[in-house]
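Hi,

Here is the structure I promised to pass on.

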Amino acid sequence: LAAGMTIGMLLFLVASGLTLIFGVLGITNFAHGSLYMMGAYFALAAYEPTGSFALAVVAGTLGAALLGLFFERFLLSRIYGQDVLMQLLVCYAIILILDDAVKIIWGADFRNMGVPPAFLHPPFIIGGGIVPYFYAILFGITALIAVALAWGMGRTRFGRIVRAAAVNPGMVGALGINTTVIYAAVFAIGAGLAGAAG
């Protein structure tokens, strides 16, 4: 149950990023799984030399967000409002590029960070079941991100603008708000959520 809930929370991060991108931009981001993968590899690249899990989480999140921002600005922004097949082709090209980049940089072998030494503590016993300490930390981090995302989209000015842009982007633009920046920010946040899960 603990493992299933932890994996479910991580998949929630991936799904919330995908939903955010689709809801606002209308892009079916078929390459979202690749951003999840890149988050894992960016985290691995930060973790191996430093041994810091916190730095790995930040590196995975920011790395995927910046990569997503790059792809949104230079590729995906050119196909807004176009046919789903065009979106599929562009996203599939991104998948192939990232897949080959990973093989060139990190190799094709399975890589694993393992459990960081800071989290090698006795497990929690809840209702007779064993909950590993590391799973509890992952669950907590994911829950905090989910709360922050809900608060940011529901209670902040930026969140209201994003929700308005999802419904009527023309009106948001007519009010003097740069929708290009909003779209780029939304895509970066969605990609960052996938990277955080990775």
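Starting at the N terminus, the elements of the protein chain come in the order α-α-α-α-β-β-α-α-α-α. That gives eight helices and two strands, where helices are DSSP runs of H or I with at least four residues and strands are runs of E with at least two, numbered from the N terminus.

Before you read on, a word on the source: this is a predicted model, where local features need pLDDT of at least 70 and side-chain atom pairs count only at pLDDT 80 or more, while totals for chains, interfaces and linings use all residues. Residues are numbered from 1 along each chain as its sequence is written, and side-chain values use heavy atoms, with hydrogens and water left out.

On the overall shape, the C-alpha trace spans about 55 × 40 × 30 Å along its principal axes. Of the 198 residues, 38% count as buried, meaning under 20% relative accessible area with a 1.4 Å probe, protein chains only. Among contacts (heavy atoms within 4.5 Å) between residues at least 6 apart in sequence, 68% join residues at least 24 apart.

Now for a pair of helices. The axes of α2 (residues 32–50) and α3 (residues 53–74) come within 7 Å and cross at roughly 140 degrees; axes are lines fitted to C-alpha atoms over the stretch in contact, and angles run from 0 to 180 degrees between N-to-C directions. The two are therefore oblique to each other, as angles under 35 degrees count as roughly parallel, over 145 as roughly antiparallel, 65 to 115 as roughly perpendicular and the rest as oblique. On the α2 side the contact includes L35, M38 and F42, and on the α3 side F53, L55 and L67 are among the residues taking part. The contact residues divide into twelve nonpolar, five polar and no charged (Ala, Val, Leu, Ile, Met, Phe, Trp, Tyr, Cys and Pro count as nonpolar, Asp, Glu, Lys and Arg as charged, and the others, Gly among them, as polar).

F53 counts as buried because its relative accessibility is 14%.

T6, in helix α1 (residues 2–25), is buried too, at 5% relative accessibility. Beyond its neighbours within four places, T6 is in contact with Y135 and L138.

Cheers

How values were computed
Buried means under 20% relative accessible area, exposed over 50%, partly exposed in between (1.4 Å probe, protein chains only).
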